[in-house]
Number of protein chains: 2
Amino acid sequence: MEEPDALQELIAHFAAIPGKKVLVHGGGRTATDVAGRLGLESRMVQGRRITDADTLDVITMVYGGLISRKVVAQLQAAGVNAVGLTGADLNLIRARKRPVGEIDWGFVGDVESVNGDGLHALLETGAVPVFAAITHDGHGQLFNTNADTIAAELAAALSAYYDVTLAYCFEHPGVMRDLNDPNSLVAELTSARYRTLKDDGTIKEGMLPKLDNGFRALAKGAQHVVVCKSDQLQFQQPQGTWLTEA
Amino acid sequence: MEEPDALQELIAHFAAIPGKKVLVHGGGRTATDVAGRLGLESRMVQGRRITDADTLDVITMVYGGLISRKVVAQLQAAGVNAVGLTGADLNLIRARKRPVGEIDWGFVGDVESVNGDGLHALLETGAVPVFAAITHDGHGQLFNTNADTIAAELAAALSAYYDVTLAYCFEHPGVMRDLNDPNSLVAELTSARYRTLKDDGTIKEGMLPKLDNGFRALAKGAQHVVVCKSDQLQFQQPQGTWLTEA
């Protein structure tokens, strides 16, 4: 969603989803760009950002400000009553600082709890929450937190109140056995088959956190999980890869 | 509120205010600093910022991201159920682009309407709205908007639902006949006396927009308007300069 055209499309598709809905976004490429313009080096390990105090400020400015507020303004223009949040707002998502092991991730937080009652109450007012991938510890500290994980945790928490579909959107139609063959979409992915495709290298890199988080959300109660293109969001039954626990 | 110590104090004083409350903030000094680090020149006319597209991005990052999200996290730590908003969120404050006259202010918006019902509903949930001084036009465009004006418009809109006190906080105890004499506080300022003190130069510069907006809020229905130090906020009847229309 960091290119104007793609964002416009996503906004239109998201606006067309019937029923209550929540959007979770990051903004990594813009953050890297802004950090560079401020003379800060972006240090990534395993595709994840090491977040020192200056980098957290950039994340807070870019995810929590620039992207959040623009997306909300555009959703409002599309008739969606959006509200741009972080996990600190209304104390919706608490996290703890990731323990320092081989790597010190800095101000990266792992989700500890979701305020399901608060989020449910907000959704019942008709508001459409738009979450930047930022959480807090309840003692004044913000954290950079993986957007895929936040989406999974929100889906799991909301499953106590609603029939939830968690949709991970990206540039492919879903899990592809062969990225060059548009007919190789895996329409249903069991956790057993996921392990096999992971072991043989068919599924790798950026897909792994989405799928790991997707299966975790299923295990924690989310009713449906799909990986798809955003143009599928508006359909009751999006085409993509549906995860099943069996 | 842009120095850590002063912010900590403001947070504590604001947290101590009984009843429903709303905070409005800007962040001009930090925006000027971030703009400078990004190689953007800050152009000010009559103390107000000319806001081109790049400057609007900085405002959105700094007011709408960095300051908003940090203040909310700190208010949550102080037991206040804060939610950090711009006027785009929940379509709460609509504005129109300031017409180009002698000066083209760029993406500066003048408040057109406040969604009083939406704000009232949010306050009734127990949430404490924290507004960054940003509005929108309902068609996807954000605007930089004067924080004092936003505060006045919110106070006027909320006067239909509540007995509202609009408090402008700054570094002095109120309007001083002589800034060097702590005993020269003007405890009550009528609009007639305001005109006199403005004409003779006693009241000038930064005070003028606050007082102009304060009297406008009174005229539009706000029940009480006071200019004071933030350490007075927690009192039912803050010491400061109270405006009266008489």
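## A covered helix in chain B

In this predicted model, α5(B) is mostly covered, with 11 of its 12 residues buried. The buried set is Asp148(B), Thr149(B), Ile150(B), Ala151(B), Ala152(B), Glu153(B), Leu154(B), Ala155(B), Ala156(B), Ala157(B) and Leu158(B).

The helix takes in residues 147-158 and reaches 16 Å from its first C-alpha to its last, close to the 16 Å expected at 1.5 Å a residue. Look at its start, too: a side-chain oxygen of Asn146(B) comes to within 3.0 Å of the backbone nitrogen of Asp148(B).

## Strands meeting at β13(B)

Strand β13 of chain B (residues 241-244) pairs with β11 (residues 188-190) in the parallel sense, over three bridges. β13(B) also runs antiparallel to β12 (residues 224-228), joined to it by two bridges.

## The annotated site in chain A

An unreviewed UniProt entry lists Gly27(A), Gly28(A), Arg49(A) and Asn144(A) under "binding site". They're spread over 118 residues of sequence but cluster in space, with a largest C-alpha distance of 11.7 Å.

Gly28(A) sits in helix α2 (residues 28-37) and counts as partly exposed because its relative accessibility is 23%. Beyond its sequence neighbours within four places, Gly28(A) touches Glu2(A), Arg49(A) and Tyr63(A). Asn144(A), in strand β9 (residues 142-144), is buried at 8% relative accessible area.

Technical notes. Residues are numbered from 1 along each chain as its sequence is written. Chains are lettered from A and ligands numbered from 1 in the order in which they are written. This is a predicted model: local features need pLDDT of at least 70, side-chain atom pairs count only at pLDDT 80 or more; totals for chains, interfaces and linings use all residues. Side-chain values use heavy atoms; hydrogens and water are left out. Helices (H or I, at least four residues) and strands (E, at least two) are DSSP runs, numbered from the N terminus. The expected span of a helix is 1.5 Å times one less than its number of residues. Buried means under 20% relative accessible area, exposed over 50%, partly exposed in between (1.4 Å probe, protein chains only). A polar contact is a pair of N or O atoms within 3.5 Å; within protein, one must be able to donate a hydrogen and the other to accept it, and residues adjacent in sequence count only if both atoms are side-chain atoms. Two strands pair if DSSP finds at least two bridges between them. UniProt positions are given in the numbering used here, feature names are shortened, and annotations may be inferred rather than shown by experiment. Contact means heavy atoms within 4.5 Å.
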